[in-house]
Amino acid sequence: MGLLELASGNSLWRGYDYYEEKKVLAYRQTNDGCYEGEVSGSRKKPYTVAINLAHPRTSNCDCPHANGKRVICKHMVAVYFTAFPAEAKRFYEEAMKAEKEEEARQENLEKKLISCVSKMKKSEIQEELLRILYEGPEWQFDRFLEEHWIE
């Protein structure tokens with residue numbers, strides 16, 4: 001598994017932001033697949049990062065999130081994207097494609113739901129609404145009562 005696959009979604013996006021904001025102050029390749037870098041962050045002193053692409057869990061950063069842990073942090077991701085800008089572009093394009101596909105799926109689902117409900121009889125809709133209110137979360141039931149002035 002690669003460095004990006006091991007990072008959390010939050011670390012990926014924050015790392016991408018750091019890459020875009022050019023917070024990687026310096027980086028260099030130390031060995032085949034190994035990079036070191038300095039990344040500007042929330043403290044005055046830059047964070048020191050070392051990434052190993054062959055063995056990503058051995059990568060390290062002196063930030064509180066990753067220091068002494070086998071965690072891929074946003075600083076590591078930022079160094080990776082700086083070293084491989086084509087990967088940053090691919091990551092962003094794939095994420096935007098997936099987001100558009102999800103939006104299209106949701107829109108299609110909404111159309112199907114509206115079609116289904118519009119074909120139901122009034123009594124069927126009333127029964128389904130009561131079932132949802134009784135079986136659903138308590139806050140939903142309470143909200144319905146409140147919004148319809150039922151005491």
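Modeller: I start with the sheet, then follow the helix packed on it to the aromatic rings and the remaining helices.

First, the ground rules. This is a predicted model, so local features need pLDDT of at least 70 and side-chain atom pairs count only at pLDDT 80 or more, while totals for chains, interfaces and linings use all residues. Residues are numbered from 1 along each chain as its sequence is written, and side-chain values use heavy atoms, with hydrogens and water left out.

Now the sheet. It is open and has 4 strands, in the order β1-β2-β3-β4, with antiparallel pairing. Strands here are DSSP runs of E with at least two residues, helices are runs of H or I with at least four residues, and both are numbered from the N terminus. Two strands count as paired if DSSP finds at least two bridges between them. As background, strands of a sheet pair through backbone hydrogen bonds, either parallel or antiparallel. β1 and β4 (60-61) are the edge strands; each has a single partner strand, so one side of each lacks a neighbour in the sheet.

Take the pairings in turn. β1 (residues 24-31) and β2 (residues 34-39) run antiparallel and are joined by 6 bridges. Val24 has Val39 of β2 as its bridge partner.

Lys22 is in the loop between α2 and β1. Its phi is near 55 degrees, which is positive in a residue other than glycine. Most residues other than glycine have a negative phi. Lys22 counts as exposed, at 66% relative accessibility; the scale is buried under 20% relative accessible area, exposed over 50% and partly exposed in between, with a 1.4 Å probe and protein chains only. Lys23 has its charged end over the ring of Tyr18, 4.7 Å from the ring centre. That label needs NZ of Lys or CZ of Arg within 6 Å of the ring centre and within 35 degrees of the ring normal.

What packs on the sheet? Helix α3 lies across β1, β2, β3 and β4, at about 65 degrees to β3. Axes are lines fitted to C-alpha atoms, for helices over the stretch in contact, and angles run from 0 to 180 degrees between N-to-C directions. His75 belongs to α3 (residues 74-83). His75 is buried, with a relative accessible area of 3%. Leaving out residues up to four places away in sequence, His75 touches Tyr18, Val39, Tyr47, Val49, Cys61 and Cys63. Contact means heavy atoms within 4.5 Å.

α3 also meets α4. Their axes come within 4 Å and cross at roughly 110 degrees. The two helices are therefore roughly perpendicular; angles under 35 degrees count as roughly parallel, over 145 as roughly antiparallel, 65 to 115 as roughly perpendicular and the rest as oblique. Tyr80, Phe81, Thr82 and Ala83 of α3 make this contact with Pro85, Glu87, Ala88 and Phe91 of α4.

Next, the aromatic rings. The structure holds 13 aromatic pairs. Rings of Phe, Tyr and Trp (its six-membered ring) pair if their centres lie within 6.5 Å; planes under 30 degrees apart are stacked, over 60 edge-to-face, and the rest tilted. Tyr16 and Phe91 have ring centres 5.8 Å apart and planes at 50 degrees, so this pair is tilted. It links distant parts of the chain, with Tyr16 in α2 (residues 9-20) and Phe91 in α4 (residues 85-118), 75 residues apart. Tyr16 and Phe91 are both buried. Ring pairs join Trp13, Tyr16, Tyr19, Tyr35, Tyr80, Phe81, Phe84, Phe91 and Tyr92 into a cluster.

Last, the later helices. The axes of α5 (residues 122-135) and α6 (residues 138-147) come within 7 Å and cross at roughly 125 degrees. They are therefore oblique. Leu129, Ile132, Leu133 and Tyr134 of α5 touch Gln140, Phe141 and Phe144 of α6. Trp149 sits in the segment after α6. Its phi is near 50 degrees, a positive value in a residue other than glycine. Trp149 counts as exposed at 77% relative accessibility.
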